[in-house]
Amino acid sequence: MAEEDYPSLRQFSTALEEKLKSHPDLNVVVDGCNTTISSRRNIVRIARNIGVWQVSAIFVDTPKEVCKERVQGQGGSRKKQMELIDRLDEELQRDGVPPSVDKEGWNKVAVVANNQALAQAIELVCNEEAEEKEEKEGS
């Protein structure tokens with residue numbers, strides 16, 4: 001689910017809750033910046049409220065300078081995107097990087113540095129969660 005596809009946090013939260021309820025056996029990936037503790041806690045809270053037992057975060061640790069280089073490489077005027085990168089970076093620095101198991105309620109947090117590592121982390125987390133679920137149901 002891409003958080004940016006929803007016009008408001010309320011609509012995103014409702015859609016996430018519905019997706020989790022209607023597909024309890026699937027892994028649901030939320031794609032969003034989630035630069036604040038409160039935005040990340042919201043995801044954990046929604047999952048826990050409907051009984052999801054395994055909630056993991058994958059944090060893509062991309063330096064601000066790399067983000068800006070990517071935007072500049074797209075050509076044209078990118079002033080608003082550059083300002084957004086600065087704002088998101090400020091939020092991350094203020095609220096703590098990366099997400100925290102202790103402060104936010106995640107079962108685990110994986111930190112990755114690039115897209116290849118991201119794909120590997122998603123596969124690893126999904127496989128671990130499936131194995132843990134099978135073990136729990138088998139006991």
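Student: What pattern does the protein chain follow, read along the sequence?
Tutor: In this predicted model, the protein chain runs α-α-β-α-α-α-β-α. That comes to 6 helices and 2 strands.

Student: And how much of the protein chain is buried?
Tutor: Buried residues are 26% of the 139 residues in the protein chain.

Student: Let's go to the core. Which residues make up the largest nonpolar core?
Tutor: There are 10 residues in it: Phe-12, Leu-16, Leu-20, Ile-43, Val-44, Ile-46, Ala-47, Val-55, Ala-57 and Trp-106. The elements giving two or more residues to this core are α1, residues 9-22, and α2.

Student: Which element gives the most to this core?
Tutor: That's α2, with 4 residues.

Student: Pick Ala-47. What is it in contact with, leaving aside neighbours within four places in sequence?
Tutor: Ala-47 is in contact with Leu-20, Val-52 and Val-55, once those neighbours are set aside. Leu-20 and Val-55 are also listed in the largest nonpolar core.

Student: How do α1 and α2 sit relative to each other, in terms of angle and axes?
Tutor: Their axes cross at roughly 35 degrees and come within 10 Å. The crossing of α1 past α2 is right-handed.

Student: Which residues meet there?
Tutor: From α1 you have Leu-9, Phe-12, Ser-13, Leu-16, Glu-17 and Leu-20, and they meet Asn-42, Ile-43, Ile-46 and Ala-47 in α2.

Student: Now the other pair. At what angle do α3 and α4 pack?
Tutor: Helix α3, residues 64-72, packs against helix α4, residues 79-95, at about 165 degrees, and the axes are 10 Å apart. An angle over 145 degrees counts as roughly antiparallel, so α3 is roughly antiparallel to α4.

Student: Which residues make that contact, and which hand is the crossing?
Tutor: On the α3 side they are Lys-64, Cys-67, Lys-68, Val-71 and Gln-72, and on the α4 side Gln-81, Met-82, Ile-85, Asp-86 and Asp-89. As for the hand, α3 passes α4 in a right-handed crossing.

Student: Back to α2, I spotted an arginine, Arg-40, in that helix. Is Arg-40 buried or exposed?
Tutor: Arg-40 sits in α2, which spans residues 37-49. Its relative accessible area is 3%, and the cut-off for buried is under 20%, so Arg-40 is buried.

Student: What does the Arg-40 side chain make a polar contact with?
Tutor: With the side chain of Glu-104, at 2.7 Å.

Student: What else does Arg-40 touch, not counting residues up to four places away in sequence?
Tutor: Besides Glu-104, Arg-40 touches Asn-34, Thr-35, Leu-92, Asp-95, Gly-96, Pro-99 and Trp-106. Trp-106 is also one of the residues in the largest nonpolar core.

Student: Asn-34 is on that list. What is its phi?
Tutor: Asn-34 has a positive phi of about 40 degrees, although it is not a glycine. Most residues other than glycine have a negative phi. Asn-34 lies in the loop between α1 and α2, and with 13% relative accessibility it counts as buried.

Student: New topic: where does Gln-54 lie?
Tutor: Gln-54 is in the loop between α2 and β1, the strand at 56-60. Gln-54 counts as buried, at 10% relative accessibility. Its side chain is joined to that of Ser-56 by a polar contact of 3.3 Å.

Student: Last one, Val-112. Which strand is it in?
Tutor: Val-112 belongs to strand β2, residues 108-112, and counts as buried at 8% relative accessibility.

Student: What is Val-112 in contact with, leaving aside neighbours within four places in sequence?
Tutor: The contacts of Val-112 are Ile-58, Phe-59, Val-60, Asp-61, Ala-117, Leu-118 and Ala-121. Asp-61 is 51 residues from Val-112 in sequence, yet the two are 5.9 Å apart, C-alpha to C-alpha.

Terms used
Residues are numbered from 1 along each chain as its sequence is written. This is a predicted model: local features need pLDDT of at least 70, side-chain atom pairs count only at pLDDT 80 or more; totals for chains, interfaces and linings use all residues. Side-chain values use heavy atoms; hydrogens and water are left out. Buried means under 20% relative accessible area, exposed over 50%, partly exposed in between (1.4 Å probe, protein chains only). A polar contact is a pair of N or O atoms within 3.5 Å; within protein, one must be able to donate a hydrogen and the other to accept it, and residues adjacent in sequence count only if both atoms are side-chain atoms. Contact means heavy atoms within 4.5 Å. A nonpolar core is a set of buried Ala, Val, Leu, Ile, Met, Phe, Trp, Tyr and Cys residues joined through side-chain atoms within 4.5 Å. Axes are lines fitted to C-alpha atoms, for helices over the stretch in contact, and angles run from 0 to 180 degrees between N-to-C directions. Angles under 35 degrees count as roughly parallel, over 145 as roughly antiparallel, 65 to 115 as roughly perpendicular and the rest as oblique. A crossing is left-handed if the near helix is turned anticlockwise from the far one by less than a right angle, and right-handed if clockwise.
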